[in-house]
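Keep the sequence and the structure open while reading.

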Amino acid sequence: MGELGEITTGFPFKSNDFSDDGSYLVITNANIQSNLNIVDSSKGNRISIGNSELKKYILNSRDVLITMDGTVGRTARVVRQDQILAQRVARVKAKNSTDFLYHFLSHTSFFNAMINLSHGGTIKHISLSEISNYTSRVPNPSEQNQIGKILNTVDNLITLHQRKLNLLQEQKKSLLQKMFPKKDEKIPEIRFNGFTDDWEQRKLGEYTSLITKGTTPKNKTGIGEVNFVKVENLIDKKIYPVQHITNEEHENHLKRSQLKENDILFSIAGTLGRTAIVDKSVLPANTNQALSIIRGFSWDINFLITYLSGPAVLNYIRKNPTVGAQPNLSLKQISDLDIVGPKQLEQSQLGILFKIVDNLITLHQRKLDALQEHKKGLLQKMFV
């Protein structure tokens with residue numbers, strides 16, 4: 001490592017060095033978290049340095065940082081110029097490609113080596129010399145540059161899709177706040193043209209033909225012909241079953257909890273408030289007691305699932321769970337949920353809008369996941 005870059009650490013700041021209006025953020029181990037490409041600048045102390053000797057500790061874009069205390073060996077790259085380094089964080093100034101150096105240090109082999117070298121009691125430590133003496137095979141500077149460029153391109157694509165995803169999620173949050181009435185109000189802030197009627201409040205159970213929950217199977221092998229849906233299989237309002245049950249149990253012991261097309265599932269134990277619509281592609285299917293089954297409702301299906309996953313219901317969940325070994329909601333609590341909604345045509349328009357937004361969010365999440373897997377594959381194949 002000592003041949004790839006100059007390795008130093010930061011300044012031993014004291015608490016009375018800091019000021020609320022300081023122009024530089026002091027970077028410590030706490031600013032370098034797992035799975036971050038860059039330094040986390042959302043928290044920490046600030047400092048003003050004037051013309052002091054502290055200027056040599058100002059970070060720049062050629063620096064790669066490594067944690068030396070706690071979870072040692074985490075890495076981050078520096079992309080901002082208003083940060084200054086504290087002691088016990090290693091800074092490596094690359095002699096050749098900073099991009100290659102960052103990805104080289106982000107590889108699991110380096111992290112695992114630092115963990116193995118760490119010493120101490122509850123809080124682990126590594127030294128600058130231990131980092132400097134880490135040995136691995138690397139290509140020549142020209143190939144380092146090429147590897148750094150391609151991995152940096154993938155990182156830029158990941159950042160781009162993460163920003164798009166974050167923007168869509170913020171836009172959805174804003175739409176939910178503005179297109180659904182605030183507490184104790186009957187009209188939303190904005191709505192589609194042509195709709196002026198007050199929204200009405202109705203209890204879910206009074207306008208739904210069935211609210212029940214699943215059943216625990218006797219056979220725990222997870223093998224069979226019928227999909228068995230659990231809370232963790234509900235992702236982004238869709239169902240991704242993994243376990244199965246036999247058709248015999250499905251038709252007998254678990255007959256009460258057979259799922260039908262367009263049922264809405266709502267988690268009532270453990271992780272509360274996850275939702276999904278049962279699509280015919282997952283049928284035949286069954287579920288367990290952690291999921292309630294909502295069937296035969298008088299609302300537009302896409303409107304209702306948007307409402308059930310929205311802030312009003314999440315606030316209801318926070319106020320009403322029964323806390324035991326794990327938080328849970330009763331079927332009566334689900335039945336007593338107040339649903340505030342417009343007439344059917346406006347429900348349908350809202351349902352279509354939020355379905356489109358959800359599909360866009362899912363699309364960008366899948367692209368992001370695919371890029372992250374692609375990067376993972378490149379790292380495995382391009383490093384020793």
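How many bridges join β4 to strand β7, and in which sense do the two run? The model is predicted. In it, 5 bridges link β4 to β7 (residues 89–94), and the two strands run antiparallel.

**Strand β4: pairing**
- V64 has R77 as its bridge partner in β5.

**Strand β4: burial**
- β4 spans residues 63–67 and is mostly covered, with 5 of its 5 residues buried.
- In a regular strand, side chains alternate between the two faces of the sheet.
- One side of β4 carries D63, L65 and T67, and the other carries V64 and I66.
- Both faces are covered, and these residues are all buried.
- Buried here means under 20% relative accessible area.

**Second largest pocket: space and lining**
- The second largest pocket holds about 710 Å³ of space.
- Its lining counts 26 residues.
- P181, K183, Y307, A312 and V340 lie nearest the centre of this pocket.
- The lining divides into 11 nonpolar, 6 polar and 9 charged residues.

**Second largest pocket: contributing elements**
- Helices α4 (141–179), α6 (301–308) and α7 (311–319) are among the elements that give two or more residues to the lining.
- Strands β8 (200–203) and β20 (338–341) also give two or more residues each.
- Which element gives the most to this lining? It is α7, with 6 residues.

Note on methods
Residues are numbered from 1 along each chain as its sequence is written. This is a predicted model: local features need pLDDT of at least 70, side-chain atom pairs count only at pLDDT 80 or more; totals for chains, interfaces and linings use all residues. Side-chain values use heavy atoms; hydrogens and water are left out. On a 1 Å grid over the protein atoms alone, a cavity is a set of points where a 1.4 Å probe fits but cannot get out, and a pocket is an open set with protein on both sides within 12 Å along at least five of seven lines; lining residues have an atom within 4 Å of a point. Grid points are joined across faces, edges and corners, and a volume is the space filled by probe spheres set on the points. Helices (H or I, at least four residues) and strands (E, at least two) are DSSP runs, numbered from the N terminus. Ala, Val, Leu, Ile, Met, Phe, Trp, Tyr, Cys and Pro count as nonpolar, Asp, Glu, Lys and Arg as charged, and the others, Gly among them, as polar. Buried means under 20% relative accessible area, exposed over 50%, partly exposed in between (1.4 Å probe, protein chains only). Two strands pair if DSSP finds at least two bridges between them.
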